[in-house]
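Please read the following report beside the sequence and the model. It treats backbone geometry and then the surroundings of the ligand.

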Amino acid sequence: MASATFESVAPATGEVLGTFPRGDAADVDRAVATAREAFEDWRLVPAPERGNMLFRFAELLRAHKDELTDLMTREMGKVKAEAGGDVQEAIDMSFYMGGEGRRLFGHTTPSELRDKFMMSVRMPVGVVGAITPWNFPIAIPAWKLCPALVCGNTVVLKPAEDTPLLAARFVDLLHQAGVPEGVVQVVNGFGEEAGEALVRHPDVPVITFTGSRETGIAVTKAAADHLKHVHLELGGKNAIIVMDDADLELAVEGIVWSAFGTSGQRCTAASRVIVHEAVYGELQSKLVAAAERLRLGPGWDDETDVGPLINRAALDKVHSYTRVGLDEGAKLLTGGEPVEGAGFFYRPTVFADVSPRMRIAQEEIFGPTTALIPVRSFEEAVAAANSVEYGLSSSIFTRDVNRAFRAMRDLQAGITYVNAGTTGAEVHLPFGGVKATGNGHREAGQAALDVFTEWKSIYVDYSGKLQRAQIDNAERPAPR
Ligand code: NAD
């Protein structure tokens with residue numbers, strides 16, 4: 001067991017909430033060996049039985065929802081309503097994937113030969129290495145572990161170093177639900193140590209990773225030597241388009257929720273707002289007034305609208321982008337400074353007169369900062385929205401159905417919302433992005449099963465003779 005430790009710190013107060021072993025390569029080795037051994041039994045447990053454990057897990061999450069919500073406001077910092085939503089997403093995912101235990105559908109299809117049967121089935125892959133961020137500390141582990149487990153894989157989870165308490169509770173409840181201890185294990189610690197050791201481990205054929213683009217690239221490179229399956233959910237630079245015919249009150253509500261909810265620390269946060277010039281002035285003043293009404297404070301306080309950033313480094317990074325924006329000539333309308341005193345609070349920040357090529361319009365800030373970009377037409381709006389390297393979420397506020405459908409078709413993103421902000425995914429549709437947001441895989445929905453299974457095609461010949469496909473049934477010439 002690693003002798004070094006690290007602390008979990010409350011971002012609203014700086015209070016130390018717990019001390020954890022700082023896992024290293026030896027800890028990863030032990031966990032993987034156990035998970036590998038457990039796989040041989042777990043893969044043979046009938047999938048409906050594995051699904052039943054997920055139903056029990058969902059019930060346990062529900063029973064502990066208040067406790068987990070409260071802990072999340074303390075360890076991660078998001079406000080109560082959002083923390084409850086995070087836990088609810090895990091409950092939903094666990095019920096949904098529990099149901100997969102009785103589906104996990106494959107295909108049957110007729111053979112080209114007589115007396116021959118064909119089908120495809122999903123097979124588990126083995127030990128899954130799951131590496132998760134701190135911003136959805138219960139939901140994201142559920143997105144990964146529920147499908148991995150129902151498909152018959154075992155898992156070693158390396159949770160974010162900022163939220164180890166929540167990860168520990170999550171895994172405790174899975175064990176309580178009946179999932180054997182060897183089937184799911186946690187190795188706490190830092191990315192470059194425990195995380196990288198997991199990615200490089202030869203007995204871990206699948207890595208499912210959510211985090212930043214830079215780490216995603218490092219993970220891909222480290223996994224390449226063993227040709228692993230790598231599933232990446234990375235950053236975003238999501239835009240809301242507000243057209244001249246939009247319901248502006250609704251648009252402002254959507255922007256406030258998407259830009260400042262979770263203090264902007266969501267992969268789907270709206271850090272760009274692309275606005276038609278006809279409503280630019282009005283939207284600016286409504287948005288600034290709404291941003292300035294938001295109350296900052298600890299997440300557990302009922303009065304709080306916006307909680308703290310996760311840690312000091314995040315606060316410094318967000319503030320450095322305010323300087324970048326000012327240097328680039330953008331106009332700071334409100335915010336742009338940390339709050340004095342304990343905790344890592346940053347004022348909701350709105351920049352105006354931003355051009356699409358500025359760094360604050362291109363780079364993921366991961367804080368409560370959004371950039372207003374004026375445009376003259378729908379075409380210019382779509383071009384601006386698509387001018388970033390990321391492609392996770394997108395949104396358009398318009399009452400014109402033709403424009404809405406063009407946006408659904410033309411926005412380069414894994415998710416498009418019409419007349420809603422950029423956040424609000426539900427667990428039964430695929431979740432993920434195009435371009436530098438990922439590598440073509442999806443979380444959630446049926447699509448998640450593809451990450452955690454390999455297809456096997458099975459041919460059963462009951463003719464009693466050797467039948468050669470493509471040869472014994474070769475097409476006969478057409479009759480003259
Ligand atoms: P991060 O990349 O710093 O860390 C994520 C995880 O990777 C942590 O557990 C960390 O310890 C680990 N890690 C770090 N270096 C590693 C390495 N070399 N090898 C293996 N593991 C390593 O990201 P973060 O700051 O925790 O999270 C914020 C980022 O996550 C943002 O970019 C955000 O957009 C993204 N995110 C994406 C989604 C999505 O679904 N697309 C969801 C949430 C967050």
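This is a predicted model: local features need pLDDT of at least 70, side-chain atom pairs count only at pLDDT 80 or more; totals for chains, interfaces and linings use all residues.

## Terms and basis

Residues are numbered from 1 along each chain as its sequence is written, and side-chain values use heavy atoms, with hydrogens and water left out.

## Positive phi angles

Leu227, although not a glycine, has a positive phi of about 50°, and this residue is exposed, with a relative accessible area of 77%.

Asn419, also not a glycine, has a positive phi of about 55°; Asn419 is partly exposed, at a relative accessible area of 33%.

## Ligand surroundings

The ligand is surrounded by 28 residues, the closest being Lys158, Glu161, Thr215, Leu234 and Glu364, where a residue counts as near if one of its heavy atoms lies within 4 Å. By class, this shell holds 13 nonpolar, 9 polar and 6 charged residues; Ala, Val, Leu, Ile, Met, Phe, Trp, Tyr, Cys and Pro count as nonpolar, Asp, Glu, Lys and Arg as charged, and the others, Gly among them, as polar.

Polar contacts are pairs of N or O atoms within 3.5 Å. An N or O atom in the side chain of Lys158 is 2.7 Å from an oxygen atom of the ligand, and a backbone N or O atom of Thr132 lies 2.8 Å from a ligand oxygen atom.

How values were computed: Buried means under 20% relative accessible area, exposed over 50%, partly exposed in between (1.4 Å probe, protein chains only). A polar contact is a pair of N or O atoms within 3.5 Å; within protein, one must be able to donate a hydrogen and the other to accept it, and residues adjacent in sequence count only if both atoms are side-chain atoms.
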